[in-house]
Amino acid sequence: MGLGSDMYRQQILDHYKNPRNYGELEDPTFTHVGENPMCGDEIRIDVKLEEDGESDDEETIKQVAFSGDGCAISQASASMLSKELQGKTVEELLEMDRDDVIDMLGVDISPMRVKCAVLAEKVAQDGAEIHRGELDVDKTTTED
Amino acid sequence: MSSQDLESLDVEGIRQQFPILQREFDGQQVVYLDNAATTQTPDPVVDAMSDYYRQYNANVHRGIHHLSQEASIAYEEAHDRVAEFINADGREEVIFTKNTTESENLLAYSWGLNELEPGDEIVLTEMEHHASLVTWQQIGKRTGADVKYIRIDDSGRLDMDHARDLITDDTEIVSAVHVSNTLGTVNPVGELTDLAHEHGALSFIDGAQAVPNRPVDVEEIGADFYAFSGHKMAGPTGIGVLYGKQELLEDMEPYLYGGGMIRKVTFEESTWGELPWKFEPGTPPIAEAVGLHAAVDWLEDIGMDRIRAHEQELAAYAYDRLDAEGDVEIYGPEAGSDRGGLVSFNLEGVHAHDLTSILNDHTVAVRAGDHCTQPLHDKLGVPASTRASFYVYNTREEVDKLVAALDDARQLFA
Ligand SMILES: Cc1ncc(COP(=O)(O)O)c(C=O)c1O
């Protein structure tokens, strides 16, 4: 295909059809949910941190799981992120921006679909900030 | 109009008046099937607006000079033309707003906030657009009035038995969409209006998807209020209409205040001017009114019966073709029934947003989402759908392109 935006490269379809780390963790350090109300995409992310971090800055992500429902872009992006985050520090997670997500997906995302792409990242980041007591929301949404 | 006339619709000739339909992306000509969101604008409408700006642009109602006189006359005549088009009694009954949404809010603020009280009931349908659903929901919260919804049945039509149960002497207003922008259902708005009147209630009809593609006669329907948007009927953005019965509008408080709407102002008091100006304070959408006038002329030149027949035919064709695919779920009344020119659907295993992106790769422009009917989508049990919506310039070949492009989505997501 690839006539236009070429958004559906093999990698994205692979992660959509065979999501990695799909499910919920037994005993997560934090859990957070979010949605993209326009599309109805929903994502839940569970994160388990290593227990030996000396300070907040050194907290390392040990395990990530996600579950949810939605378009291929939102679900593939959550699946890739769940792999990407393992071994990263929370600080590194919080430093990620939309360009990092788009790089990770490896395709051009049309402007109207960026919200789908960044949902998982926003959910993970808000979850981390809530865990640190720096944010207080029940649910992340990409409508701002 | 005879059936012979119906067949003579010159779609090719009509398409010539829309340069935008010739646009190409990646070497493919655009297939514009997002007409329920907004329609394209034919040259005569663009020309009328451009002529206004080039030849007689001026503020209205307050100038004595030539240009202002011409602009004022054109602006007033646009009201007359729209009144004639929907068979209202005259310009007094035609208020220009920004769009259907503002027309709805005008009524809700002006009449709803002032008249409703706890114990009163507002009856809507489950297929209302957010323009009326959200507005009445909020007016309900502020006044204490209850909001009730007429159910839809499995075919996507209103359950009229339920309507008869819901509409009672406590009902103050029945607000219903004429043609559903998601299901395509054409609702029995005359019957709903009669039910409302039997119980001393008013009726408001959202005609955003009806006025563009079928003859609408507000007197025949009997509606107390009726709303639509210019940009969905070959007209410009920035202008909408609220029709209201004169005696009701006379009793209503203005919703916006300012200049151009008053009879007399002192430091302490103001009195309101004549209809419809009482509801149109400030500098109104003059060029847009000129454009809307031209759009109405253009539509009636083709003939509303013919436009309806063309859309119905395309909708039935699209329904049949999509249905024959086997893995497409279609919402709303079956093919061949009286439905607006649109088809909302989902392709099995492919999210509506993904499908719409893939269709866009084939330069087929459709809409994905909840189409501003989120509660209805909840009821249908899907987060979103893809909607193809047709207008007078669309063809069967364009429907074929839509259906052919589905294969690409199937292959990718198989
Ligand atoms: C049935 C219906 N009502 C209301 C609206 C709102 O129209 P507008 O956006 O022009 O206010 C629309 C269009 O989106 C519609 O389809």
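Analyst: Leaving aside its neighbours within four places in sequence, L13(A) is in contact with Y8(A), A72(A) and L412(B), where contact means that the C-beta atoms of two residues, placed from the backbone, lie within 7 Å. This is a predicted model, in which local features need pLDDT of at least 70 and side-chain atom pairs count only at pLDDT 80 or more, while totals for chains, interfaces and linings use all residues. Residues are numbered from 1 along each chain as its sequence is written, and chains are lettered from A and ligands numbered from 1 in the order in which they are written.

L13(A) has its place in helix 1 of chain A; helices (H or I, at least four residues) and strands (E, at least two) are DSSP runs numbered from the N terminus. Because 16 C-beta neighbours lie inside 10 Å, L13(A) counts as partly exposed, a class that falls between buried (20 or more other C-beta atoms within 10 Å of its own) and exposed (12 or fewer), with C-beta atoms placed from the backbone.

Although L13(A) and Q75(A) stand 62 residues apart along the chain, their C-alpha atoms are separated by 9.7 Å.

Helix 1 (residues 10-17) and helix 2 (residues 72-84) of chain A pack at an angle of about 85 degrees, and their axes are 8 Å apart. The axes are lines fitted to C-alpha atoms, for helices over the stretch in contact, and angles run from 0 to 180 degrees between N-to-C directions. Helix 1 of chain A and helix 2 of chain A are therefore roughly perpendicular to each other, as angles of 65 to 115 degrees are classed, with under 35 counting as roughly parallel, over 145 as roughly antiparallel and the rest as oblique.

Between the two chains, 16 residues of chain A are in contact with 15 residues of chain B, and the side of chain A that touches chain B divides into 10 nonpolar, 5 polar and 1 charged residues.

Note on methods
Nonpolar A, V, L, I, M, F, W, Y, C, P; charged D, E, K, R; others polar.
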